[in-house]
Amino acid sequence: MPASILDRVKRGVVVGDGGYLLELERRGYVDSGSDREKVGTGKGSGQFTPEVAVENPDALRGLHREFLTAGAQVLQALTFFGTREKLGRAGFGEQTEAINAAAVRLAKEVAGDDALVAGSVSRTQLFEREGPGAAGHVRDLLKEQIDLLQAAGVDFLILETFFHLAEMKVGLECAAASGLPVVATMSFRPTLDACSDGHSPAECARQMADGGAALVGANCEQEPARMLPILRAMRDAVGGRAGIAAQPSAFRTTDQTPCFTKLPQFPDDLETIQVSRRDFRAFGRQARQEGIGFVGGCCGCNAVYIRALARGVAE
Ligand SMILES: [Zn+2]
């Protein structure tokens with residue numbers, strides 16, 4: 001039996017992958033929702049959903065192979081935004097089981113014995129759309145998806161891109177019931193010092209560790225250098241009770257708007273704010289000295305960035 005994510009993190013920095021949806025959007029296989037709505041306003045229909053797993057499985061399989069070849073030790077199944085309600089808004093609700101199962105199957109097929117497979121569980125968007133009263137519905141949706149991911153055979157779960165700590169806590173409850181190891185990462189937007197329901201990175205880290213996450217951290221929205229202070233605050237807050245995970249984006253943000261999804265370049269001008277792969281190599285080098293156990297990429301990264309990251313980790 002291959003070593004678990006927990007054992008691997010104890011032995012050294014583990015390299016992940018990402019980001020699938022934006023890379024596959026660039027290749028023409030994922031719908032960004034551009035021109036139909038302002039993405040992220042919460043009025044959305046089908047943006048950035050993972051139906052590519054059943055619509056164009058070869059495209060997803062190929063990207064998994066690229067990440068594995070680049071040095072990823074973990075492949076994330078493309079199940080981001082894969083809850084029934086979100087898929088339903090995109091017109092794929094009836095394929096919830098098929099999409100989640102296919103995404104895990106493809107990742108496992110490519111991973112073989114060479115990488116672990118993580119099920120990706122993201123925010124539902126219902127806290128943004130409906131407020132904290134959505135918690136009960138969110139619990140049903142996340143429980144259903146986590147059951148599907150577990151049945152499909154993921155090795156562990158990555159809870160990612162949650163804006164509200166309250167929603168993350170619902171996700172952690174559902175994840176704990178599965179018994180699978182959990183990596184939990186919040187995304188900080190529009191400010192770096194608090195998540196959408198007002199908790200500091202340190203407080204998020206403590207509560208995620210309390211909720212059973214083996215690794216806690218941040219993903220998406222910022223480039224590595226801007227994410228680093230968040231990760232340090234989280235590391236200092238948990239004091240070794242949990243490991244630290246980081247999956248930064250590859251877009252250059254600003255002091256005024258430190259989150260790329262709030263910049264005017266999102267989603268159609270992102271090429272103009274791409275950071276260099278060198279930033280990811282440097283981040284890989286920093287990971288060990290900063291006490292980060294798991295590093296990957298998020299939006300804007302492709303295999304070139306993950307290769308650079310893996311090289312940096314190895315230096
Ligand atoms: Zn992202």
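What covers the buried residues of α13? This tour of a predicted model approaches that matter by selecting one element after another.

**Start at α13.** Select residues 303-314, which form helix α13. At 1.5 Å a residue, the 12 residues of α13 should span 16 Å, and the end C-alpha atoms do lie 16 Å apart, so expectation and model agree. Next, highlight Tyr305, Ile306, Arg307, Ala308, Leu309, Ala310, Gly312 and Val313, which are buried in α13. The cover over these buried residues includes β1 (14-15), α4, α12 (277-290) and β8 (294-295).

Select residues 57-70 to display helix α4. The axes of α4 and α13 are 8 Å apart, and the two helices pack at an angle of about 20°. Because angles under 35 degrees count as roughly parallel, α4 is described as roughly parallel to α13. Their crossing is right-handed. To view the contact, show Glu66, Phe67, Thr69 and Ala70 on α4, together with Ala303, Ile306, Arg307 and Ala310 on α13. These contact residues comprise five nonpolar, one polar and two charged.

**Turn to α12.** Select residues 277-290 for helix α12. The axes of α12 and α13 come within 6 Å and cross at roughly 30°, in a right-handed crossing. On the α12 side, display Arg277, Arg278, Phe280, Arg281, Ala282, Phe283, Gly284, Arg285 and Ala287. Their partners on α13 are Val304, Tyr305, Ala308, Leu309, Ala310, Arg311, Gly312 and Val313. By class, this contact of α12 with α13 has 10 nonpolar, two polar and five charged residues.

**Finish with the strands.** Select β1 (14-15) and β8 (294-295), which are also among the elements covering the buried residues of α13.

Methods
Residues are numbered from 1 along each chain as its sequence is written. This is a predicted model: local features need pLDDT of at least 70, side-chain atom pairs count only at pLDDT 80 or more; totals for chains, interfaces and linings use all residues. Axes are lines fitted to C-alpha atoms, for helices over the stretch in contact, and angles run from 0 to 180 degrees between N-to-C directions. Helices (H or I, at least four residues) and strands (E, at least two) are DSSP runs, numbered from the N terminus. Angles under 35 degrees count as roughly parallel, over 145 as roughly antiparallel, 65 to 115 as roughly perpendicular and the rest as oblique. A crossing is left-handed if the near helix is turned anticlockwise from the far one by less than a right angle, and right-handed if clockwise. Two residues are in contact if their C-beta atoms, placed from the backbone, lie within 7 Å. Ala, Val, Leu, Ile, Met, Phe, Trp, Tyr, Cys and Pro count as nonpolar, Asp, Glu, Lys and Arg as charged, and the others, Gly among them, as polar. The expected span of a helix is 1.5 Å times one less than its number of residues. A residue is buried if 20 or more other C-beta atoms lie within 10 Å of its own, exposed if 12 or fewer, and partly exposed in between; C-beta atoms are placed from the backbone.
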